[in-house]
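Please go through the following model with me, taking its strands and helices in turn.

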Amino acid sequence: MEDNEHEIKRLQELFKGRFTFEEAKSLINLFHGDCLAAANFVIDEEPQRVRDVIGTENETWQVIANDHNVNDLLRQGIFEKQERQFACGPCDNVWWRKVPSRKLVSRCVRCRIRYESVPKQHEWGRAKYQCQNCGNVFTGFGQMGVASSFCYRCGTAYSPFAILPGRRFEGRRSRNVHSCLCHNCFNRADGPIVEATCVHPRSLHRRVVYASQQHYSTGSTVDTFLTQDDLASQASDFEPMLSNIDE
């Protein structure tokens with residue numbers, strides 16, 4: 001596989017195929033594999049300097065470089081990604097995926113419908129807690145905003161401050177058996193009943209606790225800023241990478 005091939009094709013994708021693979025490769029190599037630096041260079045530098053680097057008289061990329069909307073997307077972190085939780089209610093399917101910050105969308109592998117990410121305040125799963133009473137930091141199952149799990153050291157109930165993506169586990173596994181105040185907990189603790197759902201796998205009849213909203217495209221991505229003539233007139237060897245397509 002070509003060195004930096006992933007970054008080369010990301011640069012091609014950003015500029016919608018205005019650069020050939022070899023032209024994009026020259027730009028990426030100039031910045032030692034840093035796609036963001038290469039993109040900023042194309043936008044900020046004089047056109048002749050860019051042509052000197054790519055070694056051709058190609059100017060079609062200026063359609064993108066001169067578009068303020070695209071520039072804004074780049075400044076907002078078009079390359080930044082977040083690992084987010086997704087949940088398809090009809091399929092009872094839950095997954096985590098690293099997606100671009102500008103578009104927190106992923107496709108359910110079962111029904112092929114695209115969904116928005118679960119809002120951060122509703123994420124659930126293996127959670128991280130910090131007791132404000134005794135300072136103990138521990139992990140367990142929980143949902144954001146639900147104060148149902150007890151600190152194993154002092155017994156104070158808290159809500160988690162973060163959900164750990166996927167099956168990620170931090171630190172040593174505890175020998176403590178899960179117990180919380182939620183009404184459906186398989187090992188419910190003594191105390192006032194919390195009407196929220198216990199998200200421990202042994203307590204759930206379904207995997208989905210909070211379903212994602214279906215995504216409806218608004219045409220707000222970079223493609224929106226290009227006319228059909230622009231797209232039709234473009235000639236390059238660009239093809240999107242399979243890894244850039246939502247699964």
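**Hairpin and helix contact**

Q: Which residue in the turn of the hairpin formed by β1 and β2 has a positive phi?
A: The model is predicted, so local features need pLDDT of at least 70, side-chain atom pairs count only at pLDDT 80 or more, and totals for chains, interfaces and linings use all residues. Residues are numbered from 1 along each chain as its sequence is written, and side-chain values use heavy atoms, with hydrogens and water left out. Strands (E, at least two residues) and helices (H or I, at least four) are DSSP runs numbered from the N terminus. In the hairpin of β1 and β2, 4 residues lie between the strands, and the one in the turn with a positive phi, of about 50°, is D92.

Q: In which sense do β1 and β2 pair?
A: Pairing requires that DSSP finds at least two bridges between two strands. F86 stands opposite W95 in β2. Strand β1 (residues 81-88) and strand β2 (residues 93-100) are joined over 8 bridges, and the sense is antiparallel.

Q: At what angle do the axes of α1 and α3 cross?
A: Axes are lines fitted to C-alpha atoms, for helices over the stretch in contact, with angles from 0 to 180 degrees between N-to-C directions. The axes of α1 (residues 5-14) and α3 (residues 35-44) come within 9 Å, and their crossing angle is roughly 35°.

Q: How many of the 10 residues of α1 are buried?
A: Buried means under 20% relative accessible area, with a 1.4 Å probe and protein chains only. Among the buried residues of α1 are I8, L11 and L14. Helix α1 is largely enclosed by the rest of the structure, because the number of its 10 residues that are buried is 8.

Methods. Buried < 20%, exposed > 50% of the residue type's maximum accessible area, 1.4 Å probe, protein only.
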